[in-house]
Amino acid sequence: MKNLQKSLMLLVVSALVASSQAALIDGQNWADSVTSYASQIQNYDGIFMDSTTEFWVLGQSDADQTGNMHAWDFDNGDLDYVAGWRGGSANQEIVVGFNTALEDVVGDDLVIRMYCGSKAQATISVSQDNLSWTQIGNITGVSMQIPGKPGFLYDAVFDFAGLFSGDAYYVKVYRETTGSGSGMFFDSFASVPEPATMVILGLGTVLLRRKK
Ligand SMILES: [Ca+2]
Ligand SMILES: [Ca+2]
């Protein structure tokens with residue numbers, strides 16, 4: 001009996017380890033690793049990212065525990081583990097890797113939760129091999145709008161349709177502007193979750209069919 005319990009425990013632990021490595025949580029695919037980053041990549045406090053802090057941009061979002069999309073709600077549980085760039089330093093970039101590929105599904109395919117200044121701009125590219133890149137969009141801050149409004153997080157979504165049809169194992173954010181108001185900080189990278197409306201529609205269909 002004790003052996004059985006031990007085996008079960010091992011099974012549960014290894015399943016947990018596997019899921020944390022794969023970062024596939026509730027059907028959403030979160031970035032698993034930081035492939036590379038430029039020299040000035042840092043958090044809000046100006047601490048430079050290193051091998052021990054790459055988790056800032058990996059796994060599930062931790063910048064909005066309260067669900068109000070405000071950055072810096074530390075008192076309410078926001079951890080705000082983020083990494084990005086401030087006003088200075090051109091040519092900054094971060095590349096994150098996925099163990100499970102992001103694909104072109106119906107609708108949006110990639111969501112990046114981030115905060116940026118009103119003059120920030122970045123291009124977003126994906127790659128299958130970390131060598132050949134395809135630009136799938138950009139993020140541009142706008143004064144007093146989101147993104148670009150101080151303190152507000154934003155979910156930037158991207159659709160691969162017509163742009164990239166392979167397996168995306170890498171996502172790159174690349175800085176396009178420098179100077180005051182051009183800072184950007186990234187919280188998380190993930191596949192777009194199946195919309196709740198789709199689930200509701202699905203349920204409705206099931207109910208309708210039952211009535212017939
Ligand atoms: Ca798509
Ligand atoms: Ca984070």
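## Around Tyr 44

Beyond its neighbours within four places in sequence, Tyr 44 makes contacts with Asp 80, Val 82 and Phe 185. Keep in mind as you look around that this is a predicted model. Tyr 44 sits in the loop that runs between β3 (33-37) and β4 (83-85).

How exposed is Tyr 44? Its C-beta has 16 other C-beta atoms within 10 Å, so Tyr 44 counts as partly exposed; a buried residue would need 20 or more, and an exposed one 12 or fewer. Trp 72 is 28 residues away from Tyr 44 along the chain, and their C-alpha atoms are 9.4 Å apart.

## How the strands pair

Let's turn to the strands. β3 pairs with β5 (residues 93-102) in the antiparallel sense, over four bridges. If you want a place to start, find Ser 33, whose bridge partner in β5 is Gly 97.

β5 also pairs with β10 (residues 168-175), again antiparallel, over six bridges. Here Glu 93 stands opposite Tyr 174 of β10.

## Backbone details in the loops

Met 69 is partly exposed because 16 other C-beta atoms lie within 10 Å.

Asn 130, in the loop between β7 (121-127) and β8, is not a glycine either, yet its phi is positive at about 65 degrees. With 13 other C-beta atoms within 10 Å, Asn 130 is partly exposed.

Finally, visit Pro 147 in the loop between β8 (133-140) and β9 (154-158). The peptide bond leading from Ile 146 to Pro 147 is cis, with omega near 5 degrees.

Key. Residues numbered from 1 in each chain as written. Chains lettered and ligands numbered in written order. Predicted model: local features only at pLDDT ≥ 70, side-chain atom pairs only at ≥ 80, totals over all residues. Helix = DSSP H or I, 4+ residues; strand = E, 2+ residues; numbered from the N terminus. Contact = placed C-beta atoms within 7 Å. Pairing = 2+ DSSP bridges.
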